[in-house]
Amino acid sequence: MDQGALIAITRAALNAMGHELSVDFYPWSRAVRLASRDDSMYLGYLPEYSYPTQAFIFSESLGVSPLGLVERQINPIRWPKLIDLNDYTLGVVRDYVNTADLDIMIKQGTQPVEVVSSDEHNIKKVATGRVDGAVIDVHVLRFILTRDDLKPLADKLQMNQKLLEEKQLYVAFKNSPDGHKWRSIVNHGLTRIDAKSILDDYMASVTASDK
């Protein structure tokens, strides 16, 4: 499965420029922390939404993230307005950037949340009713539910019909001379590939493998 659609796109962009991509996987908070350290061997992390920061600079867009809520099929979340989510407890991943308005409600304490270390943990908590829903990318949920250990949960879960937001996804590079150099290389590589086709083909392969 090439480790995820966004990694496949980044790998293709680097390959187009004559380079190879090396990836390690960590819990989100640790990945961000490792990528930001001056003595780190890592040049950046992905995928990430753009946000105000002095620590990182962002590539051109790798693709679109349909961000929504995973919920139990038997207990869908109803929210005509964003503030209606305050009636539900949502799972969020530690240090993830969600949507600006949702993050404001979380910071103000009006939105009940439970913070976890991974999307997988959130999915399990939703399935067992420990939270009402969880913030997640549509593609990420589909991919995770193809895993053998989590496939049994697929019949219990669904994405809420209403998306929170469609957000662009980027590689976050360390704000350093090397980070600027490799951002330029990736950006040039992205102009030489069809990122949308890679994403569409990848998600089609995920869907086919799940049948």
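Contact is taken here to mean heavy atoms within 4.5 Å. In this predicted model, Leu164 is in contact with Leu67, Gly68, Leu69, Trp79, Leu82, Leu85, Thr99, Leu102 and Val135, when neighbours within four places in sequence are left aside.

Ile144 belongs to helix α5, which covers residues 138-144. Because its relative accessibility is 5%, Ile144 counts as buried, the limit for that class being under 20%. Once neighbours within four places in sequence are set aside, the contacts of Ile144 are Asp119, Glu120, Ile123 and Leu150.

Strand β8, which spans residues 165-174, is mostly covered, with 7 of its 10 residues buried. Several strands pair with β8. Strand β1 (residues 44-48) pairs with β8 in the antiparallel sense over 3 bridges, and Tyr45 stands opposite Ala172 in β8. Strand β2 (residues 56-58) also runs antiparallel to β8 and is joined to it by 3 bridges; here Phe58 stands opposite Ala172. Between strand β3 (residues 63-72) and β8, which run antiparallel, there are 5 bridges. In this pairing, Leu67 is placed opposite Glu165. Leu67 is also one of the contacts of Leu164.

Lys174 is located in strand β8. Lys174 is buried yet takes part in no salt bridge. The nearest side chain of opposite charge is that of Asp38, at 5.9 Å, whereas a salt bridge requires a side-chain nitrogen of Lys or Arg within 4 Å of a carboxyl oxygen of Asp or Glu. The side chain of Lys174 does reach the backbone oxygen of Tyr42, at a distance of 3.1 Å. Not counting residues up to four places away in sequence, Lys174 touches Ala35, Arg37, Asp38, Ser40, Tyr42, Leu43, Gly44, Ala55, Phe56, Ile57, Gly179 and His180.

Two features of the backbone were also noted. Most residues other than glycine have a negative phi, and most peptide bonds are trans. Leu46 and Pro47, however, are joined by a cis peptide bond, with omega at about -10 degrees. Pro47 lies in strand β1, the strand that pairs with β8 over 3 bridges. Asp95 is not a glycine but has a positive phi of about 70 degrees. This residue, Asp95, is found in the loop between β4 (90-93) and α3 (100-108). Asp95 is classed as exposed because its relative accessible area is 51%, the limit for that class being over 50%.

How values were computed: Residues are numbered from 1 along each chain as its sequence is written. This is a predicted model: local features need pLDDT of at least 70, side-chain atom pairs count only at pLDDT 80 or more; totals for chains, interfaces and linings use all residues. Side-chain values use heavy atoms; hydrogens and water are left out. Helices (H or I, at least four residues) and strands (E, at least two) are DSSP runs, numbered from the N terminus. Buried means under 20% relative accessible area, exposed over 50%, partly exposed in between (1.4 Å probe, protein chains only). Lys and Arg count as positive and Asp and Glu as negative; His and the chain ends are not counted. A polar contact is a pair of N or O atoms within 3.5 Å; within protein, one must be able to donate a hydrogen and the other to accept it, and residues adjacent in sequence count only if both atoms are side-chain atoms. Two strands pair if DSSP finds at least two bridges between them.
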